[in-house]
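This report concerns a structure with several chains. It takes up a sheet, a pair of helices and an interface in turn.

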Number of protein chains: 4
Amino acid sequence: MSQYRVLIHANDEKGLVFKVSSTFYNYNLNILSNSEFVDKENNKFFMRSVVDGDINPYELQQTLKDILPESANIEVIEPKKKNIIIMATKEMHALGDILIRHEAGELEANILAVISNYSDLGSLVSKFNIPYVTISHEGLDRAEHENKVLECLREYKDIDYIVLAKYMRILTARFVEAYEDKIINIHHSFLPAFIGANPYKQAYDRGVKIIGATSHFVNNNLDEGPIISQEVIHIDHAYGWKDMQRKGKDVEKIVLSRALKLALEDRIFVYANKTVIF
Amino acid sequence: MSQYRVLIHANDEKGLVFKVSSTFYNYNLNILSNSEFVDKENNKFFMRSVVDGDINPYELQQTLKDILPESANIEVIEPKKKNIIIMATKEMHALGDILIRHEAGELEANILAVISNYSDLGSLVSKFNIPYVTISHEGLDRAEHENKVLECLREYKDIDYIVLAKYMRILTARFVEAYEDKIINIHHSFLPAFIGANPYKQAYDRGVKIIGATSHFVNNNLDEGPIISQEVIHIDHAYGWKDMQRKGKDVEKIVLSRALKLALEDRIFVYANKTVIF
Amino acid sequence: MSQYRVLIHANDEKGLVFKVSSTFYNYNLNILSNSEFVDKENNKFFMRSVVDGDINPYELQQTLKDILPESANIEVIEPKKKNIIIMATKEMHALGDILIRHEAGELEANILAVISNYSDLGSLVSKFNIPYVTISHEGLDRAEHENKVLECLREYKDIDYIVLAKYMRILTARFVEAYEDKIINIHHSFLPAFIGANPYKQAYDRGVKIIGATSHFVNNNLDEGPIISQEVIHIDHAYGWKDMQRKGKDVEKIVLSRALKLALEDRIFVYANKTVIF
Amino acid sequence: MSQYRVLIHANDEKGLVFKVSSTFYNYNLNILSNSEFVDKENNKFFMRSVVDGDINPYELQQTLKDILPESANIEVIEPKKKNIIIMATKEMHALGDILIRHEAGELEANILAVISNYSDLGSLVSKFNIPYVTISHEGLDRAEHENKVLECLREYKDIDYIVLAKYMRILTARFVEAYEDKIINIHHSFLPAFIGANPYKQAYDRGVKIIGATSHFVNNNLDEGPIISQEVIHIDHAYGWKDMQRKGKDVEKIVLSRALKLALEDRIFVYANKTVIF
């Protein structure tokens, strides 16, 4: 008996839940959880079920394909560790949080490597016996540097997610397209406020009373990809922007790790530059 | 074409979702939303669907009864205004919040009357052309006073909910049993902390850094009924207990009104001294 | 024995706290609370004290002026009800919240009148025996309509604050300058995200996971004035923009009323398009 | 020029701020921040100032002692790393969070050692070149085991704080008294709710809609010491107690690390079983 995650994304029409649940019933599956959502504006149906049973997952997937409309996108996933690459620059908190969770066995993930444009974090990463690759951007233009990173990434097969744990460089369209819906970033503001560089300085200048962090998939437009998770904290006039930066770290790391967990557990649908999360 | 809320509560077994969704399909219903939950520990299944179609709701209910196991509790509800009685003492914030929402048309409710053991709130309530009944407890023991309140309540037929909007008197088992799962209270602490009298004073004495409020159904044990909603706010050492009381009012009124809305929209299942809320 | 609020705003230099506290000591004042803040970047000093004693407040103010640097702005305020005008359009929640607080005696304020461009809220406001003035914008250009509003406002002397309780029209520079730092607005987003019209629709389109509200003083640039208070709530993919709007109301009203209370209690300093709040 | 933290705790009387600020003025000190609080109920005065100047801290302390009432407790502290011992059992998240912060240079602390009753965390701790001491409780009664721990602690001089990072054993009065106001614990509930063992199980059984964590100093009564910081998260009916436990970890680690930072920065006054935090 094994657990499977069934993810369905289709144009909405009557009878979808009936067709899926009758299939589960016919396969004698135990439904552990069931979540559905219909986006009426876009006429889209989303469903995530966790089922338990003695089945051939490919056969279940095929049966669902046969019974559901052609528009339906169907995945039957057997939970297993996903392969991730972490990219970082110099800050330790977001990376460190993931390393500790990984060490504690909290993440369904293998960390294949950590890539950085600086060597600073190497000492930390190597404690955990994880490869650390420094790819300096010194003396290189953006394309040249990115080429080197892409080359490095190509050495790792089956990368499920690339996690930007405060990687402080902008990625080009070429990079993003190569790993579409696979790059998870943490931006240190409650987007869409304070897009771009030094959001804490921007927040300080604006005199806001809350600051936050946003984890999102990366698309071609900087800080405009589908949002996965957001969190804020309250501040007051006594916070300079470096105080905000310090206090913001706790939110950043929690929000990034939360997004990563959601992705690893196959809980996120991406469409229309948004996410549906079960 | 009308909307109906279908609420199902049953012992869990395979095929429940299939049976319900096939019935919906056969009746050519459009599913507007669908929520399910299985409490594995207690083997209980909960489902709330909002459907849209040209049907006879009694027939749908009967069909579901025929197809589902005998243990299943099934309701097919056509949304309409529910009848509520508000009970209060002297404080205006929670009552006022409900009155304004009612005036704004935010609540699916008719307020039949406001009952209080003091006359203080009569001036406010009468502005809204809602009957205000003062039943003083002066010179009466608890049973005598409650008898008078129960007598008054009996004049109103079809009471769906009694809302205790800071009604500062304890109800006896007799009263509670007469309106089981129909009495919604707001307690001014994050229960189970600070059960009983003056929770803000208790919170002050304990030196907590958060205070809160809890809306719950009332059962025989004071402040121990099924919790519907809770919220907290942060405080610090500078708050005396009266400051907490003042600041707490905003949480109390929001949490009580939120619980009332959930009840009016048939979103709450009560079982095992807990709530399942969709 | 009376209470006074002493507000000091000056260029920072050594000895300010010493000079103020020695003056309080010489006047034999009891300090009930004392808050200070130095903005090092702008070299500004802020102080708010609540003192208790048998003094002439004008004399105390003069003594502080004599002893403090010329740059210092000093106010000694005897707490009393401030005069406010509320402006609204059609929505009831923010206005209603203020009316109930006023009725409950929670606000140090006299509501002189409610002005609206529609008559819808008149029935509610008149329940509370507060003048309601409808100034329709129908058939008028912005300047013409605003002239009528300004004319109406001039009938009320000593307006301390104008509260825009979801007043859905843009004010011109001329209006804003006439009541500088006296107009408090509620914007239904966590500014600076979603400036301008229908922020909930914007939030929905962006796919954010939190929505919020911001109370701020109004200056010439729409939604860019000094922020007083902000609050957010979590949402998910199931929220359409009208659901956000509904849920957002609770945050809007609390955040606006909170800002109003801070202003009425003389707790806000405005400078550099920011607020210092004690 | 050096920075000093000046902490004053005294019976309240008129002129305290004046006396302190005149002393600062006479010493030509620059006040970087100043916080005061008077507990009127207990007639206690608290003040924390950060000052900057070229002084002898012992002389400043002596001068303040001479000028302030005899009841005054005065500390002039030159910021430097404090010595801490961490005690843990098997869980990695709270300990890991502190280790990463320490590695990142976020904490004004030297971690002298980690002590555990199990060996499980040794592999993690040794990565950071911090001594790990396993003191098993197997076959020992509480007093015997605690004696061994106390013996071990005595080898470390000048312990400023002992941090219980999910140390799952109860300490006796003897232990607590030996390190009064020096032991910081994290309890996995919003105290005073769910004192004692397995608070998540208790929370699940009670059906609460929020769970939380509390950092506090340890005194003789289990979970009843002065609270430093608290935080909560929202949950719903779908959370089993193990889900709560998983989700609660993020709150626990943040709240414990926050309390530790406050202690290391000399921001906490303890009195009357409460804390004043600046």
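The model is predicted: local features need pLDDT of at least 70, side-chain atom pairs count only at pLDDT 80 or more, and totals for chains, interfaces and linings use all residues. Residues are numbered from 1 along each chain as its sequence is written, while chains are lettered from A and ligands numbered from 1 in the order in which they are written.

**Sheet of chain C**

Chain C holds an open sheet of four strands, ordered β2-β3-β1-β4 with antiparallel pairing. Strands (E, at least two residues) and helices (H or I, at least four) are DSSP runs numbered from the N terminus, and two strands pair if DSSP finds at least two bridges between them. At the edges lie β2 (30-39) and β4 (73-77) of chain C, each of which pairs on one side only. From one strand to the next, the twist averages 10°; angles run from 0 to 180 degrees between N-to-C directions, and axes are lines fitted to C-alpha atoms, for helices over the stretch in contact. Ten bridges join β1 (residues 2-11) and β3 (residues 44-53) of chain C in the antiparallel sense, and C:Val6 stands opposite C:Ser49 in β3(C).

**Helix pair of chain D**

In chain D, helices α1 (residues 16-26) and α2 (residues 57-67) pack at about 145°, their axes being 10 Å apart. Contact here requires C-beta atoms, placed from the backbone, to lie within 7 Å. The residues involved are as follows.

| Helix | Residues in the contact |
|---|---|
| α1(D) | D:Lys19, D:Val20, D:Thr23 |
| α2(D) | D:Thr63, D:Leu64, D:Ile67 |

**Chains A and D**

Twelve residues of chain D are in contact with twelve residues of chain A. On the side of chain D that touches chain A, α3 (93-103), α4 (122-127) and α8 (241-264) each supply at least two residues, and the largest share, five residues, comes from α3(D).

How are the two copies related? A rotation of 180° with 0.0 Å of shift along its axis superposes chain D on chain A, with an RMSD of 0.0 Å; the superposition is by least squares on the C-alpha atoms of residues with pLDDT of at least 70 in both copies. The copies are therefore related as by a two-fold rotation axis. Within chain D, the C-alpha nearest the axis belongs to D:Lys127, 2.8 Å from it. Because 100% of the interface residues of chain D are also interface residues in chain A, the copies meet through the same surface.

Methods: Contact = placed C-beta atoms within 7 Å.
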